[in-house]
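Dear colleague,

Here is the structure I am handing over to you. My notes on aromatic pairs and on one strand follow below.

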Amino acid sequence: MNPTPPRERICLLTGGGYPYRRDALSGWCRTLVEGLRRFRFELLTVTDREPPPAPAYPLPLNVGSARAVAVGRDVRRPESRGENRAERRAAAERAKAAAALVCRGLIGEAENAGEIFADGLRRLADNPAVLPGLPLADALLDGWRTGHTADGELPLPRLSLRDARTAATLLRHALGALSVDVPECDLVHCVGGTTPLLSALAGRWRQDVPLLLTEARTPVARHKPHEERLSPAVRTVLRRFRGAVARTGYAEAGLIAPLSAYHHSWALRHGAQAAKLVQVPAGVDPSEYPGAPELKSDPAVVWAGSGGPDSGLSPLLAAFQQIASAVPGTVLHLVGVTATHEDYCAEQIERTGLGRAVRLHPLPADPRDRYTAGHVVAHVPGPADPPYRLIEAMMSGRAVVGVDVGPAAETLGDAGVLVQAGDPAELAMAVVELLRAPARRRALGEAARRRALTHFTNDRVVRVYGALYADLAAPPPPPAFELALAVPAPRSEPPVTLRWLVSERQDG
């Protein structure tokens with residue numbers, strides 16, 4: 001009897017999500033882990049917040065370990081006891097050289113700026129002990145003097161010494177993710193933004209393991225709400241840094257799995273090779289969203305999101321003020337507001353004067369309850385939110401009014417109403433129209449569920465990721481020798497990914 005072959009070990013690396021936080025992206029990761037029992041998962045989440053004390057989800061038997069690591073805000077210089085002066089001088093020179101490469105890659109005018117930046121990152125990943133003494137402020141000032149902008153971009157803003165020191169502190173904190181130890185594995189699967197990607201790159205370089213990159217949230221090179229107070233120069237440094245990390249990830253990844261055509265095109269525009277891209281749309285479990293009939297209650301609108309400053313809450317509340325005025329008695333249910341954002345959410349509601357017309361709900365443990373209270377779902381996502389909530393609403397059989405950002409248009413298709421971004425009045429009119437037209441509302445809800453069942457189920461996600469894991473994590477085939485025979489030797493089968501792509505095209 002042949003022994004049972006060992007299972008490939010997958011390090012699933014996220015940015016503060018699964019299994020420690022319940023949100024849409026964590027639910028997607030859970031589906032992957034529980035659906036691919038033939039693989040062994042080592043779960044690692046890297047965050048700049050205080051890590052939770054325990055997982056929020058029960059861990060299946062194929063999970064070998066689960067660990068949360070907080071990237072400290074203050075990186076302390078390691079003890080140098082036992083080091084002589086020559087060793088300290090050599091470490092300082094290595095830190096100076098790595099800092100120069102990182103900043104030249106961010107700001108310099110060389111055609112191979114991406115390679116220069118990646119070289120700097122790799123040196124830091126190979127020698128993370130130099131991170132506390134990294135002279136980034138000086139390197140930024142040097143790079144700024146000779147830096148340039150691409151055609152069509154605004155000139156570089158003025159960078160003062162204070163700006164350089166602020167940017168250096170923020171970069172040093174971000175680069176701390178390179179020091180995180182990735183568990184031994186056969187494949188690193190990174191799901192998340194800049195912080196987990198830095199740790200994934202470090203694991204790829206130190207262990208020489210393949211990297212699979214899931215584009216769950218488009219790594220938009222933009223500043224975040226809490227960065228509004230920073231100077232234009234500091235925001236420019238952060239924006240370029242995030243873009244450079246994303247391009248390095250594209251270059252190092254063996255395969256990239258964007259969630260949609262929108263994510264796919266974004267990756268192509270930012271340097272990803274077309275041959276590495278395998279588009280895998282998001283999916284949900286139809287049994288968790290059974291399409292319950294509408295409740296006989298006052299008109300109700302549902303919105304699902306974290307409720308934070310970057311979640312789409314503000315334009316939603318602006319639209320709901322007009323909805324409540326046009327259809328008195330309408331209730332807005334905010335579903336899935338996280339504990340960290342409850343106070344912010346309540347403050348925003350109080351400013352609008354909506355009072356009891358808005359109800360806050362933490363994320364329900366049972367997804368069946370998520371959209372049942374509403375007659376219409378308003379999908380107003382944050383700038384970089386993945387489309388999971390939209391698919392959940394569609395699967396629930398509710399009529400959806402979506403804002404045309406990211407992949408919303410291709411996901412919703414003609415099974416809902418799409419409005420332009422930045423126009424609360426248009427959003428309000430579309431919702432009011434559906435609240436007043438129950439027949440059309442129910443027809444759209446049925447169409448949305450049919451579309452979700454056809455294109456966005458999690459069994460397809462699990463099947464495709466199983467093929468991607470098999471392609472990247474499986475050991476290399478033994479060397480083959482082909483002799484010059486009259487009858488050519490048979491060729492081996494194409495890789496699993498290619499077989500999947502071919503079968504998908506034939507099925508379509």
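Six aromatic pairs occur in the structure (rings of Phe, Tyr and Trp, the last by its six-membered ring, with centres within 6.5 Å; planes under 30 degrees apart are stacked, over 60 edge-to-face, the rest tilted). One of them is F39 with Y469, edge-to-face at 5.2 Å centre to centre and 85° between the planes. This pair links distant parts of the chain, 430 residues apart: F39 is in the loop between α1 (24–35) and β2 (40–47), and Y469 is in helix α15 (residues 458–473). Helices (H or I, at least four residues) and strands (E, at least two) are DSSP runs numbered from the N terminus. Both F39 and Y469 are buried, that is, under 20% relative accessible area with a 1.4 Å probe, protein chains only. F39 and Y469 also belong to one aromatic cluster with W28, F41 and Y465.

The model is predicted: local features need pLDDT of at least 70 and side-chain atom pairs 80 or more, while totals for chains, interfaces and linings use all residues. Residues are numbered from 1 along each chain as its sequence is written, and side-chain values use heavy atoms, without hydrogens and water.

Now the strand. Five of the five residues of β7 (residues 300–304) are buried, so β7 is largely enclosed by the rest of the structure. A300, V302 and A304 lie on one side, V301 and W303 on the other. β7 runs parallel to strand β8 (residues 331–335), joined by five bridges (pairing takes at least two DSSP bridges). A300 is opposite V331 in β8.

Regards

Conventions:
Buried < 20%, exposed > 50% of the residue type's maximum accessible area, 1.4 Å probe, protein only.
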